[in-house]
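I opened my notebook to look up a few things in a structure. Here is what I was looking at.

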Amino acid sequence: MHIGPYRLANRLILAPMAGITDQPFRRLCRRYGAALAVSEMISANPALRDDRKTLRRADHRGEPEPRSVQILGNEPAHMAKAARVNADRGAQIIDINMGCPAKKVCNKAAGSALLKDEVLVGRLLEAVVKAVEVPVTLKIRTGWDPDHRNAVSVAKIAESAGIRAIAVHGRTRACGFSGPVEYRTIQAVKCAVGVPVIANGDIDSPEKAAAVFKETGADAVMVGRAVLGRPWLFRTILDRLDGNSLTSMPSMTEIRGVILEHLHELYAFYGEALGLRIARKHVGWYLEHLPSCRSEFGHRFNAQDSTTRQLALIDLIFSAATQELAA
Ligand SMILES: Cc1cc2nc3c(=O)[nH]c(=O)nc-3n(C[C@H](O)[C@H](O)[C@H](O)COP(=O)(O)O)c2cc1C
């Protein structure tokens, strides 16, 4: 599949997740096979352009190409400027967020709230496409609520505006993250436009990925929550798509190595104080997937107040888990 001039190595994409898909996590998922890893959303608000959080979210050092940066806003001029600034900062693809249902975002009529106003959608997309030379992609939901499913109409507007790929999370804004995913609406989008369509929502296994490809006819699938604490899921899905019957589940040694490497990268990227806090979140997810891990370890990890103690506890957790497995 291509996005503008970029040919993706395969058809698996890491979903943008604010507070999660930072540079260390994107790099980890790319190493496990994701062909593209979209950044956390970056506000187009000019007042936030140079603040620390924005600059950190726009940091792509060491990331393989193509680097996709997601922007969020509702003012065509601000979005155009944000796209230019991020392209200048190294983004090779600009992704526009019209999928986020967060109240904080929707109250400002950005994210999925924009889907209500198709005229504004068209103006905003045209302004961004005109502003940059890099390809622009769009992420949407299937509509505002179950009575207003306008994904097909928005996708056609997007294609006319010059958008080069469209990701669809198969739920409406009102559905949040619950209820069944409407893969049929994604299929309808795929039938309606000629640009690549990326299917998203509840893909959590190789079998599910294969079923979603079959049901939607999508060009790629985008995976979000299912890779938290198991970035190797990309490799497992790829194996299945490549027809390998032996799925490559990681050994305990590999998992330990991944966690330690991830923690070192978080400390280096955020500094010790913030790195410690962010590490707790990720280790909580890793432990959920670790066979034979005692439940008390999660609490103990959260109580550690230095990088040295966090790293030492990971070693302890793994020797305990290995002994339990051997017993
Ligand atoms: C914690 C969290 C943060 C998210 N942040 C973003 C975001 O910044 N931009 C965006 O377009 N979608 C965001 N999403 C939505 C995901 O990209 C994705 O569409 C959704 O989680 C459904 O995919 P999944 O079932 O594979 O997780 C977020 C989702 C979660 C759970």
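**Entry 1: ground rules**

I am working with a predicted model, in which local features need pLDDT of at least 70, side-chain atom pairs count only at pLDDT 80 or more, and totals for chains, interfaces and linings use all residues. Residues are numbered from 1 along each chain as its sequence is written, and side-chain values use heavy atoms, with hydrogens and water left out.

**Entry 2: the ligand**

I began with the surroundings of the ligand. Which residues come nearest to the ligand? Of the 17 residues around the ligand, I noted P16, Q70, N200, D202 and R225 as the nearest. A residue counts as near when one of its heavy atoms lies within 4 Å. I sorted this shell by class and got eight nonpolar, six polar and three charged residues. For the classes, Ala, Val, Leu, Ile, Met, Phe, Trp, Tyr, Cys and Pro count as nonpolar, Asp, Glu, Lys and Arg as charged, and the others, Gly among them, as polar.

Then I looked up distances. A nitrogen atom of the ligand lies 2.9 Å from a backbone N or O atom of A18. A polar side-chain atom of Q70 is 2.7 Å from a nitrogen atom of the ligand. For R225, a side-chain N or O atom lies 2.7 Å from an oxygen atom of the ligand. The protein covers 88% of the 610 Å² of accessible area that the ligand has on its own. Accessible areas come from the Shrake-Rupley method with a 1.4 Å probe, and for residues only the protein chains shown count as cover.

**Entry 3: Q70 and strand 5**

I followed Q70 into the fold and found it in strand 5. Helices (H or I, at least four residues) and strands (E, at least two) are DSSP runs, numbered from the N terminus. Is Q70 buried or exposed? Q70 is buried, at 2% relative accessibility. Buried means under 20% relative accessible area, exposed over 50%, and partly exposed in between, with a 1.4 Å probe and protein chains only. The side chain of Q70 also has a polar contact of 3.0 Å with the side chain of D95. A polar contact is a pair of N or O atoms within 3.5 Å; within protein, one must be able to donate a hydrogen and the other to accept it, and residues adjacent in sequence count only if both atoms are side-chain atoms.

**Entry 4: strand 6**

D95 took me to strand 6. Why is strand 6 largely enclosed by the rest of the structure? Six of the six residues of strand 6 (residues 93–98) are buried, so the strand is largely enclosed. I93, D95 and N97 are buried on one side, and I94, I96 and M98 are buried on the other.

Next I checked the neighbours. Strand 5 (residues 68–72) pairs with strand 6 in the parallel sense over four bridges, where pairing takes at least two bridges found by DSSP. I96 is the bridge partner of I71. Going from strand 5 to strand 6, the chain passes through helix 3 (residues 76–88) in a right-handed β-α-β crossover. Right-handed means that, with the strands pointing away from the viewer, the path from the first strand over the helix to the second runs clockwise. Strand 6 also runs parallel to strand 7 (residues 136–143), joined by five bridges, and D95 has T137 as its bridge partner there.

I then turned to strand 9. V197 and A199 point one way and I198 and N200 the other, and all are buried. Strand 8 (residues 165–172) runs parallel to strand 9 through four bridges, with V168 partnering A199. Strand 9 and strand 10 pair in the parallel sense over three bridges, and A199 stands opposite V221. V221 is buried, at 0% relative accessibility.

D202 is in the loop between strand 9 (197–200) and helix 8 (206–216). D202 has a positive phi of about 60°, although it is not a glycine. At 31% relative accessibility, D202 is partly exposed.

**Entry 5: a cis bond**

Last, I looked up a peptide bond. The one from E65 to P66 is cis, with omega near -10°, and P66 sits in the loop between helix 2 (52–57) and strand 5.
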